[in-house]
Amino acid sequence: MKRMLQWMKCENASDTLLAYVQIVVGCIIGGAAYPLFLVPNSIAPGGLTGVTTILNHFFGVPVGITSLLLNIPLFLAGMHAMGRSFVWRSLVATVLFSFSIDLIRLQPMTTDPLLATIYGGVLLGVGLGLILRGGATTGGTDMVARIVHHRLPYITTGMFLFLIDCCVVIAAGLSMGTSEALYALITIFISSKVIDMVMVGFTGNKACFIMSPAWERISGRILQEMDRGATHLKAEGAYSRQSRPVILCVTSRQEIPQIKAIVRQEDPDAFMFITEAHEALGEGFQRLESE
């Protein structure tokens with residue numbers, strides 16, 4: 001029992017260390033997107049940093065420090081609504097992200113707004129994705145959205161963030177120009193897609209559903225030849241009313257041809273469909289970690 005507790009403490013410590021490494025790396029990468037691409041081209045990619053980018057365009061205020069100052073009241077409110085661990089990690093992320101924007105002295109890589117939109121969105125998405133994987137946010141509208149959802153569960157976090165981003169983009173369009181607002185929309189879209197890719201990984205796992213009278217032979221070969229697990233789901237045909245198991249198997253993208261070959265050899269008339277498994281966690285896949 002004592003050894004088990006020591007192992008759990010070690011696991012928790014390593015998970016915490018990994019979380020903070022992801023937060024630090026994410027802050028550096030995401031923060032670099034602003035001096036390299038976004039700020040020089042007046043692109044305000046939504047959120048609180050989008051607001052400060054607009055302020056920078058007119059008054060020359062530093063984006064990072066101004067964003068940090070605006071975040072202070074949000075963290076005071078979030079301390080009561082959210083867990084301390086989440087708020088503490090988010091506070092660290094917000095400070096590092098804000099300072100990274102101002103202190104990373106990098107020359108703009110391009111003055112082409114389209115290139116800045118694409119590459120700025122990718123960098124920002126990678127950075128924010130790593131921060132989210134570390135169990136934190138960069139404060140700002142993310143924190144407000146979580147607080148609002150905590151108080152009003154029928155308002156989803158995504159819905160609230162979308163509304164805020166729309167307001168920021170409209171403000172950018174009215175103050176800086178329509179083109180800048182349209183570029184900002186592209187940046188938001190790209191960064192959101194990249195965040196999803198970073199969050200779920202790049203493994204491209206697939207979930208295979210197989211319906212066949214030869215279900216025993218097929219699942220047996222999957223277990224023996226592919227060393228993959230298979231689950232039998234209870235199902236009944238709507239027309240035949242016959243009860244027959246459905247095989248569920250999650251595999252990597254590279255193993256799909258092999259599983260197709262097994263099914264084809266055992267039952268050429270089998271019905272099979274394959275879907276995306278956005279994230280596979282547990283034995284045989286990525287380790288299940290606490291967020």
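**Close-up 1. Asp102 in helix H4 of the predicted model.** Asp102 is a residue of helix H4. Asp102 is buried but forms no salt bridge; Arg105, the nearest side chain of opposite charge, is 6.9 Å away. A polar atom of the Asp102 side chain lies 2.7 Å from the backbone nitrogen of Ile65. Beyond its neighbours within four places in sequence, Asp102 contacts Pro62, Val63, Gly64 and Ile65.

**Close-up 2. Helix H5 and its two ends.** At the start of H5, a side-chain oxygen of Asp112 comes to within 2.9 Å of the backbone nitrogen of Leu114. The end C-alpha atoms of H5 are 29 Å apart, which agrees with the 30 Å that its 21 residues should span at 1.5 Å a residue. Buried positions of H5 include Gly120, Gly121, Leu124, Gly125, Leu128 and Ile131. Gly135, which follows H5, has a positive phi, near 80°.

**Close-up 3. The largest nonpolar core.** This core has 23 residues, and Phe97, Leu124 and Ile131 are those with the most contacts inside it. Helices H1 (2–38), H4 (84–103), H5 (113–133) and H8 (178–200) each give two or more residues to the core. H1 gives the most, with 8 residues. Another core, of 12 residues, lies apart from the largest one; among its residues are Ala214, Ile222, Cys249 and Ile259.

**Close-up 4. The surroundings of Ile131.** Ile131 is a buried residue of H5. Residues up to four places away in sequence being left out, Ile131 touches Gln22, Ile23, Gly26, Cys27, Ala93, Phe97, Ala136, Thr137 and Thr138.

Key:
Residues are numbered from 1 along each chain as its sequence is written. This is a predicted model: local features need pLDDT of at least 70, side-chain atom pairs count only at pLDDT 80 or more; totals for chains, interfaces and linings use all residues. Side-chain values use heavy atoms; hydrogens and water are left out. A nonpolar core is a set of buried Ala, Val, Leu, Ile, Met, Phe, Trp, Tyr and Cys residues joined through side-chain atoms within 4.5 Å. Buried means under 20% relative accessible area, exposed over 50%, partly exposed in between (1.4 Å probe, protein chains only). Helices (H or I, at least four residues) and strands (E, at least two) are DSSP runs, numbered from the N terminus. Contact means heavy atoms within 4.5 Å. Lys and Arg count as positive and Asp and Glu as negative; His and the chain ends are not counted. A salt bridge is a side-chain nitrogen of Lys or Arg within 4 Å of a carboxyl oxygen of Asp or Glu. A polar contact is a pair of N or O atoms within 3.5 Å; within protein, one must be able to donate a hydrogen and the other to accept it, and residues adjacent in sequence count only if both atoms are side-chain atoms. The expected span of a helix is 1.5 Å times one less than its number of residues.
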